[in-house]
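Let's take a walk through this structure together, one region at a time. Have the sequence and the 3D view ready.

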Amino acid sequence: MQKLPQRSRTSAQSRLSGAGAGAGAFGPLRVFIAAGAVLVLVITGFAWHSVDSLISNIERIGDLGLGGGRDGAVDILLVGVDSRTDAHGNPLRDNERAMLHAGDEVGTNTDTIVLMRVPNDGRSATAISIPRDSYLDIPGLGKGKINSAYGATKETERLKLIKRGVSEADAEKQSTQAGRQALIKSVANLTGITVDHYAEVSLLGFVLLTDAVGGVDVCLNQPVDEWMSGADFPAGRQRLDGPQALSFVRQRHDLPRGDLDRIVRQQVFMAQLVGQVLNAKTLANPSKLGQLSDAVGRTVVLDDNWDVLAFLQQLQDLSGGQVKFETVPVTDLNYMTSNGESVVRVDPKAVKTYVSSLVDGKSEEPGQDPVDTSAISVSVLNASGIGGLAGQVAQALATRGFHEGLVSNYTGPSVTSSRVLAANTSDPKAKAVAKALGGLTVIADPSLSPESISVVLASDYSGPGSAASSMFDISGTSSATATPVPPAPPIDAGQTGPKCVN
């Protein structure tokens with residue numbers, strides 16, 4: 001990334017009041033809240049003469065296969081690691097393991113995976129959560145949950161290295177590198193983008209940094225008591241310390257939408273953390289700064305080609321300092337594979353379209369105004385003779401943010417090819433629908449009003465919601481009743497007070 005001109009420290013500090021909230025969205029989910037907080041803290045008033053020393057304490061790694069793509073944005077992969085070691089590979093102390101409820105497992109899972117897109121044109125950045133149980137291709141391993149890409153690859157490689165006579169220490173280091181590379185490739189394959197930078201933080205970092213800002217306020221719609229995560233909280237607003245907050249953002253059992261509700265918790269937690277850092281002036285407190293510096297040094301890992309100072313200065317120029325928190329489209333929240341494993345099903349084509357739209361502005365052509373999919377009502381008509389196809393496609397459109405219109409059988413003239421009908425073939429709403437369904441042709445229908453968009457499904461249809469599409473990622477399995485998940489409203493870091501959640 002091109003290094004930006006240096007600004008004077010006084011001038012930089014005077015511009016921080018709005019930009020800080022945007023930079024804070026670096027870590028919207030579970031463990032990676034810690035690393036996000038680090039960057040928030042630097043931008044939102046942290047004395048610039050202390051930044052160099054803070055960054056110098058961070059573990060740096062190279063040879064991750066980063067960068068090289070030109071996709072209109074700086075793309076940062078933020079990873080929360082369920083690790084029993086610190087950033088330097090040293091085992092955690094007994095009291096720290098007890099605090100984290102960490103067992104003796106060897107495996108390493110990445111239970112928080114966030115892709116942050118910062119468009120090159122200066123528009124607001126978006127932090128995109130990828131559910132940990134998303135089922136996809138993992139390089140070298142085949143189908144699996146994305147949160148296993150790092151750990152499974154690492155353990156497979158570690159055993160190979162040990163068998164070849166490599167020392168335990170070297171095998172640990174080399175296999176960890178292989179795990180990180182596998183995760184980066186998995187995310188790139190799913191989203192269609194090139195990851196430019198990598199940041200990682202452990203469970204311990206999450207706890208230490210939460211405590212460093214004096215705890216974080218949260219709000220629950222209902223009381224919870226779930227032993228697996230340790231979440232035991234009353235309803236309403238309350239302030240949580242580091243270990244409590246870890247339980248709060250780890251819970252997924254006994255929640256209506258499981259992992260997706262957990263993601264919402266993680267996102268609102270981060271938004272509130274950002275606000276509390278800004279309002280409480282944590283960074284003006286020398287003792288708090290000391291805690292932050294110690295936590296960063298032990299728990300944060302960054303790629304070695306990342307000019308963090310230059311990037312932080314660039315973030316100050318993001319319009320309005322906004323960073324939104326969103327989640328990739330999900331087509332089935334409760335998919336069962338052929339071996340009985342419950343996974344989250346995602347459509348790579350839909351994910352790629354969605355991720356691209358964060359830079360493209362959802363426009364179909366350069367210069368065209370963005371299209372708000374939530375304002376588009378789409379009628380889906382089945383002319384294929386395949387029972388239930390219209391309903392399945394309507395559900396697929398709903399996961400992409402479109403509003404469901406009429407769902408019925410087609411009664412017009414015979415058709416042999418699927419199409420999108422609109423009053424005008426240049427209608428951007430019709431083009432957005434056609435693109436979401438895999439590139440259907442838009443055909444003018446003078447009988448339709450300018451607000452109406454219809455989809456006619458013929459026997460050739462193979463896009464989202466079809467039987468062909470449903471087999472895209474889980475060969476040999478089927479889902480009789482999908483549980484599609486419409487996208488939740490985006491969360492921003494500038495809201496007032498904690499948002500109440502499940």
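A word on the naming used here: helices (H or I, at least four residues) and strands (E, at least two) are DSSP runs, numbered from the N terminus. Residues are numbered from 1 along each chain as its sequence is written. Bear in mind that this is a predicted model, where local features need pLDDT of at least 70, side-chain atom pairs count only at pLDDT 80 or more, and totals for chains, interfaces and linings use all residues, while side-chain values use heavy atoms, with hydrogens and water left out.

Let's begin with R400, which sits in the loop between α14 (389-399) and β17 (403-409). Is R400 buried or exposed? Buried means under 20% relative accessible area, exposed over 50%, and partly exposed anything in between (1.4 Å probe, protein chains only). R400 has a relative accessible area of 13%, so it counts as buried.

Now for the nonpolar cores. A core of this kind is a set of buried Ala, Val, Leu, Ile, Met, Phe, Trp, Tyr and Cys residues joined through side-chain atoms within 4.5 Å. The largest one here has 34 residues, and L77, L183 and Y198 have the most contacts inside it. Among the elements giving it two or more residues are β2 (73-82), α6 (149-163) and α7 (168-191). Apart from this core lies another, of 24 residues, including I376, F402, A436 and V455. In soluble globular proteins, nonpolar side chains tend to be buried together.

Back in helix α6, you'll find T153. At 13% relative accessibility, T153 is buried too. Leaving aside residues up to four places away in sequence, T153 touches I138, L141, S148, A178, G179 and A182, where a contact means heavy atoms within 4.5 Å.

Finally, have a look at strand β20 (residues 453-457). Why is β20 largely enclosed by the rest of the structure? Because five of its five residues are buried. I453, V455 and L457 cover one side, with S454 and V456 on the other. As for its partners, two strands pair if DSSP finds at least two bridges between them. Strand β16 (residues 377-382) runs parallel to β20, joined by five bridges, and N382 stands opposite L457. Strand β18 (residues 419-422) pairs with β20 in the antiparallel sense over four bridges, with A422 opposite I453.
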